[in-house]
Amino acid sequence: MNEVYIIDACMGSGKTSAMINMINKSSKEERYLYVTPLLSETERIIKSCSQKHFKAPEKLLDKKTKTKNKKEGIIKLLREKSNIVTTHALFHLFNDEILELCRANNYILVMDEVTDVISEYKTNPDDLSDFLNAHAYVDEDGLVTWVNNKEVEQDTYEGEKFLAERELCELGCVMVYKETALLYIFPIKIFNTFAKTYVLTYLFKGQMQRYYYDYYGTYI
């Protein structure tokens with residue numbers, strides 16, 4: 001388990017400014033992924049961390065879905081070994097390809113504020129039923145593993161309906177609650193991907209992410 005450093009201080013105390021100073025003074029070999037709650041804050045990091053030339057991902061074409069999205073944009077930046085600033089929303093969409101690029105290039109993660117580590121994964125009852133009946137194996141702890149098709153043996157899933165659910169299952173972050181709801185559990189392996197993690201927050205001891213780290217035995 002990689003180390004997590006908690007910078008716990010009230011708003012206005014200068015913790016973000018201190019982190020910006022640390023990033024600017026870091027060596028050229030150190031690469032950063034900075035995650036902030038608001039899109040508007042990405043511009044502050046780009047302007048303030050002038051020594052590291054941060055970039056924000058743009059929407060690029062996904063050949064599989066034929067749509068443009070920022071996941072493709074962040075993959076491009078990671079391949080270029082850029083310093084990257086993005087939002088919590090995109091951070092929650094990371095997949096195995098993105099994580100492998102972060103690991104291979106030895107990125108350092110900075111999280112401005114904690115993230116939602118447990119939440120309901122919203123879907124309508126009919127889709128939930130279809131997903132559980134056709135594509136889910138649920139273990140005794142409620143963790144869901146993706147199954148291509150329970151009725152027909154096949155190596156690949158050709159449909160598009162449950163592509164998002166498949167990615168989440170492959171990350172190990174979907175649990176089912178009494179067959180009536182899906183829960184999203186932030187995959188701990190995302191934090192294990194980075195060389196180190198810094199979390200900028202306030203009153204961390206009372207937050208859900210603290211208990212999440214405790215559960216997984218994260219060293220803080």
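Biologist: At what angle do helix α1 (residues 15–25) and helix α2 (residues 40–48) pack?

Modeller: This is a predicted model, with residues numbered from 1 along each chain as its sequence is written. Local features need pLDDT of at least 70, side-chain atom pairs count only at pLDDT 80 or more, totals for chains, interfaces and linings use all residues, and side-chain values use heavy atoms, leaving out hydrogens and water. Helices (H or I, at least four residues) and strands (E, at least two) are DSSP runs, numbered from the N terminus. The axes of α1 and α2 (lines fitted to C-alpha atoms over the stretch in contact, with angles from 0 to 180 degrees between N-to-C directions) lie 10 Å apart, at an angle of about 40°.

Biologist: Which residues of α2 does α1 meet?

Modeller: The α1 side of the contact (heavy atoms within 4.5 Å) consists of Thr16, Ser17, Ile20 and Asn24. Their counterparts in α2 are Arg44, Ile45 and Ser48.

Biologist: Which strands are at the edges of the sheet?

Modeller: Five strands form an open sheet in the order β1-β12-β6-β2-β5, with parallel pairing (at least two DSSP bridges between two strands). Each edge strand pairs on one side only; these are β1 (4–8) and β5 (84–87).

Biologist: What is the bridge partner of Val35 in β6?

Modeller: Strand β2 (residues 31–36) and strand β6 (residues 107–112) pair in the parallel sense over five bridges. In β6, Val35 is bridged to Met111.

Biologist: At what angle does helix α3 (residues 70–79) run to β5?

Modeller: Helix α3 lies across β2, β5 and β6. Its angle to β5 is about 160°.
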